[in-house]
Amino acid sequence: MHEMQVVKIKKIIKETKRIKTFILDLDVSAIPGQFVMVWLPGVDEKPMSVSYTKGDLGITVLRLGDFTRRLFELSPGDMLGIRGPMGRGFKVYGDKLLLVGGGVGVAPLAPLAEEALAEGKEVTAIIGAITKSELLFVDRIEKAGGRVLISTDDGSAGKKGFTTDVLRELLEEETFDQCFTCGPEIMMAKVLDITREKKIPTQASLHRYFKCGIGICGQCVLDGIGLRVCKEGPTFRDKELRKSPEFGRYWRNAAGQKIYFGGKK
Amino acid sequence: MLDVEFAGLKLNNPTVLASGILGTTGAALLRVARNGAGAVVAKSCGIVPREGHPNPTVIEIEQGILNAVGLSNPGVEEFAKEIKIALQGGVPVIASVYGFRVEDYAAAARILADAGVAAIELNLSCPNVEKVGALFGADAELALEVVREVKRAVSLPVFAKLTANVGDIVEIAKACEEGGADGVTAINTLKAMAIDIRAKTPLLGNKVGGLSGPCIKPIALRCVYEIAQEVDIPVMGCGGVTTGKDAVEYLMAGAQAVQIGTGVLTRGLSVFRKVALEIQEFLEERGYSCVDDIVGLALK
Ligand SMILES: Cc1cc2nc3c(=O)[nH]c(=O)nc-3n(C[C@H](O)[C@H](O)[C@H](O)COP(=O)(O)OP(=O)(O)OC[C@H]3O[C@@H](n4cnc5c(N)ncnc54)[C@H](O)[C@@H]3O)c2cc1C
Ligand SMILES: Cc1cc2nc3c(=O)[nH]c(=O)nc-3n(C[C@H](O)[C@H](O)[C@H](O)COP(=O)(O)O)c2cc1C
Ligand code: FES
């Protein structure tokens with residue numbers, strides 16, 4: 001049972017102009033890729049990936065709409081409601097790992113990198129953002145001993161272009177046991193196409209509108225495969241996602257209406 | 001041995017998915033059908049899209065589940081497409097409709113009937129949305145009118161889903177029967193709330209909502225028991241069914257099928273297969289040859 005726990009915010013770290021990490025007074029361990037439901041009493045409750053999985057739990061948030069704007073107004077000592085950690089985390093079995101993260105999508109990949117590196121695995125992370133100052137967790141992954149390759153949309157750091165451009169080049173020369181990706185869904189769909197050609201098993205962390213977060217309301221079920229993102233996910237295997245006509249194409253809003261990525265049908 | 005006929009619908013076992021649990025898309029309904037449900041009821045749907053209430057919309061509390069989803073749905077036109085996907089599951093698909101006016105129920109029912117559903121369940125009982133619950137399920141005359149209008153609009157079996165948040169549920173059931181209902185479902189969630197004492201606020205986004213799970217079973221069972229004695233149309237029992245024993249209790253109280261909602265959380269999607277198997281074990285152990293043999297045994 002996932003009861004609501006109201007806990008104090010211990011520390012807030014400003015990661016970029018639009019991204020903050022909230023370290024909570026909640027000592028539970030999570031598997032990278034799992035999420036918590038974050039409740040701002042009287043406002044709303046939304047899913048957030050766990051970005052610090054050992055010791056005090058942490059989440060890393062991009063300021064986007066009303067809910068995240070209200071989160072950004074909080075200070076250490078303020079309270080947040082937490083349900084979880086919940087869902088299926090990433091499953092690591094290989095020794096040479098490739099991570100591809102776009103924007104705030106790096107949040108669940110950073111603890112994965114740290115844990116894998118601590119176990120003596122080899123980690124290469126491709127991290128992308130719109131511009132240099134929005135790059136997330138580059139130092140954190142490097143400090144843990146990982147290799148980081150960078151792309152920015154405007155070319156202010158690393159390669160000018162997308163993570164998938166870096167990925168394509170990298171896979172011309174090297175191969176990996178496993179790939180893990182999180183970020184904009186169109187990016188993840190491209191990552192899956194590329195790693196499929198190179199036969200690298202890939203897991204992706206999906207983002208859907210969540211209501212219950214516990215697998216009972218049906219809001220987050222993927223078409224074609226009937227899997228619940230909040231329960232059987234949020235991380236999925238490439239072979240599962242390829243069977244869903246929804247992946248990379250559309251999601252459903254709070255009313256359950258289909259919204260196509262990039263506005264096209 | 002587990003086959004039952006409910007108001008003309010042929011179910012391969014008496015377990016039915018309750019409305020609002022997973023049934024928001026065709027893919028989800030299909031998955032439940034493939035997990036052994038004898039029939040599935042889709043999420044309640046209205047004539048126009050609705051976002052529902054802000055989160056938290058569903059929370060686990062010590063006693064069960066509280067929800068105030070707020071009848072979110074993409075509107076009946078969009079939802080009809082989901083129904084068509086659900087039909088591939090090979091079990092009867094029952095649509096659930098709600099409305100703010102009598103004619104809304106009829107209009108939504110007509111479109112869903114065209115999509116191919118086997119029956120229509122009327123949500124006269126949602127405790128989370130002002131007017132939908134209070135108005136129709138608590139007033140015998142209004143309930144009768146909704147049933148009659150929907151029966152006029154479609155040539156399918158129509159079931160009235162009732163609330164126990166009323167003085168006399170039997171009176172409402174009788175009115176629905178008089179209006180032409182082919183069956184009743186009892187009960188919807190019970191109006192309830194929880195407060196977080198650290199945050200000093202209600203937990204649900206909508207503040208109040210509906211309680212479900214094993215804690216409401218004794219109340220729901222009593223409702224079924226009372227209704228079954230007073231009406232001639234079949235009753236679906238709903239509230240807290242988690243095991244075969246729960247289902248058998250409902251059957252003995254006069255229900256001819258049971259709906260399962262919260263049980264999906266506690267026992268997983270295989271709850272339908274498990275409960276059906278447990279009913280079968282009970283029947284075999286006691287030497288009964290079919291489900292009908294035990295329906296209403298406790299009424300005598
Ligand atoms: C499993 C999971 C893990 C998540 N982890 C994180 C995380 O680690 N960090 C983080 O910052 N966010 C994460 N999210 C997203 C988060 O839950 C919110 O959706 C997001 O923060 C927007 O909230 P908001 O209310 O501020 O913005 P809103 O007001 O809801 O939206 C602002 C804009 O964002 C867009 N948008 C909103 N929701 C979606 C959506 N579901 N899909 C596509 N576009 C959308 C819309 O265009 C909207 O106009 C995660 C989501 C899921 C399902
Ligand atoms: C998350 C959730 C959503 C629900 N949505 C609806 C709905 O849309 N329409 C409806 O008639 N009942 C709805 N219900 C009520 C259930 O169908 C059922 O009557 C109730 O949960 C009692 O059964 P249970 O104890 O087996 O869950 C909902 C219940 C839950 C928990
Ligand atoms: S959010 Fe309710 S089933 Fe996933």
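Which domains of chain A give residues to the shell around ligand 1, and where does the ligand lie? I looked this up first, keeping in mind that the model is predicted. Domain 1 (5-86) and domain 3 (206-265) of chain A both contribute to that shell, so ligand 1 lies between them.

I then went through the shell itself. I noted 22 residues around ligand 1, of which A:Ser49, A:Leu62, A:Gly65, A:Phe67 and A:Thr68 come nearest. When I sorted the shell by class, I found 14 nonpolar, 5 polar and 3 charged residues. Among the elements of chain A, strand 4 (44-52), strand 5 (56-62) and helix 1 (66-72) each supply at least two residues of this shell.

Next I followed the strands. In chain A, 6 strands close into a barrel in the order 1-2-5-4-3-6, with antiparallel pairing, and the twist averages 45 degrees from one strand to the next. I looked at one pair in detail: strand 1 (residues 5-14) and strand 2 (residues 19-27) of chain A run antiparallel and are joined by 5 bridges, and A:Lys11 has A:Ile23 in strand 2 as its bridge partner.

Last, I turned to domain 2 (90-203) of chain A. The centres of domain 1 and domain 2 of chain A, taken over C-alpha atoms, are separated by 23 Å, while 14 residues of domain 1 are in contact with 12 residues of domain 2. On the side of domain 1 that touches domain 2, strand 4 and strand 5 of chain A are the elements that give two or more residues, and strand 4 gives the most, with 4 residues. I counted that side of domain 1 by class as 5 nonpolar, 6 polar and 3 charged residues.

Methods:
Residues numbered from 1 in each chain as written. Chains lettered and ligands numbered in written order. Predicted model: local features only at pLDDT ≥ 70, side-chain atom pairs only at ≥ 80, totals over all residues. Pairing = 2+ DSSP bridges. Axes fitted to C-alpha atoms, helices over the stretch in contact; angles between N-to-C directions. Near = placed C-beta within 6 Å. Nonpolar A, V, L, I, M, F, W, Y, C, P; charged D, E, K, R; others polar. Domains from an automatic or database assignment. Contact = placed C-beta atoms within 7 Å.
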